[in-house]
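Here is a short briefing on one protein model. Look at the structure first, then work through the points by topic.

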Amino acid sequence: MEESPYIVKDTPGKGKGMFATRDIKRGTCIISESPLVYISKTDLVGTLQALNAMSKKNKKYFLALHNSYPELPQDVGVIKTNGLPLGSNSLDGAVYRVISRINHSCAPNVCHSWSSKLKKENIFAIHDIPAGSEILTDYLDRLMTREVRLKTLAAKFRFTCQCKNCVSESSEEFDAAVNRIDECSDLIMSCATFDPRKSIGYVREALGLIDKVGGWGKTTFYYDAYQISARHSNYMLAKEWADLLVESYRIEEGEEGEKYERYLRFSQNPKSHEMAGLGGYVNLTGA
Ligand SMILES: [Zn+2]
């Protein structure tokens, strides 16, 4: 049997953490795990029933997880500390024996995604990870300035992040980039219809800034650029953007991933978007 690519062990100041046991290539699925228990923000009775229905073994794993809320009943504290949504923005979530041990970094080397088909949470390497390194995910769902990030992590997860981005002497460059990326997002939308060339320019600016600061979150920009190109009948360009989008999701979620499957058709046939061609032709070459 192949050796597991990770080990869970104690990590100074952070309880337990997950570490690479060998070099892990970008795009590798490090672990695919079924939940210990499902939880729901909208169905507390159901959550309670699920907690009661857990096997003895699973309950033991559950109660051994870290609890940042000792003043609350332990079940509630463990859920608040370790629960992950079933896909971004979902009000339903789950707690995992292993995946819930992965610590946070604002410069993560993995991302997680829920597969409703497999009913499993998957962790994919988004960078090459050398053997011995800690495997780290970003608990936040978008890039934020250092001040906002630290406040959000302290409020939601009760820790002070010590990642390389948070302890670096100056965060001015990073923060300026994050603010400009947010501005670009708004500008892309506001120009998309009447000045699509400008819109594509803002996409490129945002992508350049993400690269510059080693950030993440390019897929939304790839998708914007694909839609704008397809809407304005630039199907060669639309395909290039769709290819980048699909490749990113392949790395983040694998070929079994729902987003990979959902967007693959745009790469195979860039005209298949419902808005394709509706904006008339505008030459976007070189934009
Ligand atoms: Zn940090």
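Helix H1 has an exposed side, where Val45, Leu48, Gln49, Asn52 and Ala53 are found. This model is predicted. The points below take the other side of H1, then the zinc site, then an annotated region.

**Helix H1**
- H1 spans residues 44–53, and its buried residues are Gly46, Thr47 and Leu51.

**The zinc site**
- Which residues coordinate the zinc ion? They are Cys106, Cys161, Cys163 and Cys166, each through its SG atom, at 2.3 Å.
- The site is tetrahedral, with angles of 103 to 114° among the four donor atoms.
- For four tetrahedral donors, the ideal angle at a metal is 109.5 degrees.
- Along the chain, the donors follow the spacing C-x54-C-x1-C-x2-C.
- Cys106 sits in the loop between strand S7 (103–104) and strand S8 (110–115), while Cys161 sits in the loop between helix H4 (146–157) and helix H5 (164–167), so the pair ties together parts that are 55 residues apart in sequence.
- Are Cys106 and Cys161 buried or exposed? Both are buried.

**The annotated region**
- An unreviewed UniProt entry places the feature "domain: SET" at residues 3–140.
- Over residues 3–140, the chain is 20% helix and 31% strand.
- The end C-alpha atoms of residues 3–140 are 31 Å apart.

Definitions and conventions. Residues numbered from 1 in each chain as written. Predicted model: local features only at pLDDT ≥ 70, side-chain atom pairs only at ≥ 80, totals over all residues. Heavy atoms only, no water. Buried < 20%, exposed > 50% of the residue type's maximum accessible area, 1.4 Å probe, protein only. Helix = DSSP H or I, 4+ residues; strand = E, 2+ residues; numbered from the N terminus. Donors = N, O, S within 2.8 Å, 3.2 Å for Na, K, Ca; no water. Tetrahedral: all angles 85-135°; square planar, octahedral: opposite > 155°, others 65-115°. UniProt positions renumbered as here; feature names shortened; annotations may be inferred.
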